[in-house]
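User: Please take me through this structure with questions and answers. I have not looked at it before.

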Amino acid sequence: MTDADSLSGREIRIYRDSDFDGVDRLWRRVFPDDPPRNAAAQSIPRKLAFQGELFFVATSGAAVIGTVMAGYDGHRGWLYSVAVDPDHRRAGIGKAMVRQAERALRDLGCNKINLQVRERNASVVAFYESLGYSLEPVLGMGRYFGP
């Protein structure tokens, strides 16, 4: 499961246990303001317990340089934790990772993908718009049950 042609020797593949430290470092760098419930130590075990095959990493050699988690509930697909190391941005990695997750979701029968972006993050909104996503007139809501 690679996209080596467009990634110049980099690889996108399903997450492996040996990727944990690299993902943890990447998320701490890319998502410094995330709440503790989104930390690798919390999120990765939960993801691996449910649709772990929808957790992808981008690597360059042994280094984890990108991630994307996807989920599908039979009605809608979701993208989460799309991250690219700042030193590797603007090389097509984010686009390739989103496309990999989209293919995996389509293979499961998904015909609509949702994602959430922090409102103040205009550059990320522009990135997703360049991939064909659009703003929808909805209000995101959530409820946290705690640890």
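Predicted model: local features only at pLDDT ≥ 70, side-chain atom pairs only at ≥ 80, totals over all residues.

User: In what order do the five strands of the open sheet stand?

Analyst: Strands (E, at least two residues) and helices (H or I, at least four) are DSSP runs, numbered from the N terminus. Two strands pair if DSSP finds at least two bridges between them. The pairing in this open sheet is mixed, and the order is E1-E2-E3-E4-E5.

User: Which strands stand at the edges?

Analyst: An edge strand here has a single partner strand, so one side of it is left without a neighbour in the sheet. The strands in that position are E1 (11-14) and E5.

User: Which residue of E2 is the bridge partner of Glu-11?

Analyst: E1 and E2 run antiparallel and are joined by four bridges. In E2, the partner of Glu-11 is Thr-59.

User: Which residue of E4 stands opposite Gly-71?

Analyst: E3 pairs with E4 (residues 77-84) in the antiparallel sense over six bridges. E3 also pairs with E2 (residues 55-60) in the antiparallel sense over six bridges, and there Phe-55 stands opposite Met-69. On the E4 side, the residue opposite Gly-71 is Trp-78.

User: Which residue takes a positive phi in the hairpin of E3 and E4?

Analyst: The hairpin of E2 and E3 has two residues between the strands, and Gly-61 takes a positive phi near 65° in it. The hairpin of E3 and E4 has four residues between the strands, and a positive phi near 90° is taken by Gly-74.

User: What is the relative accessible area of Gln-51?

Analyst: Gln-51 lies in the loop between helix H3 (40-49) and E2. Its phi is near 60°, a positive value in a residue other than glycine. Gln-51 is buried, with a relative accessible area of 17%.

User: Which residues is Phe-127 in contact with, leaving aside its neighbours within four places in sequence?

Analyst: Phe-127 lies in helix H5 and counts as partly exposed at 26% relative accessibility. Contact means heavy atoms within 4.5 Å. Apart from those neighbours, the contacts of Phe-127 are Gly-94, Lys-95 and Val-98.

User: What is the volume of the second largest pocket?

Analyst: On a 1 Å grid over the protein atoms alone, a pocket is an open set of points where a 1.4 Å probe fits, with protein on both sides within 12 Å along at least five of seven lines; lining residues have an atom within 4 Å of a point. Grid points are joined across faces, edges and corners, and a volume is the space filled by probe spheres set on the points. For the second largest pocket it is about 850 Å³.

User: Which element gives the most to the lining of the second largest pocket?

Analyst: Helix H4 (93-107), strand E5 (113-114) and helix H5 (122-130) each supply at least two residues of this lining. The element that gives the most, with three residues, is H5.

Methods:
Residues numbered from 1 in each chain as written. Heavy atoms only, no water. Buried < 20%, exposed > 50% of the residue type's maximum accessible area, 1.4 Å probe, protein only.
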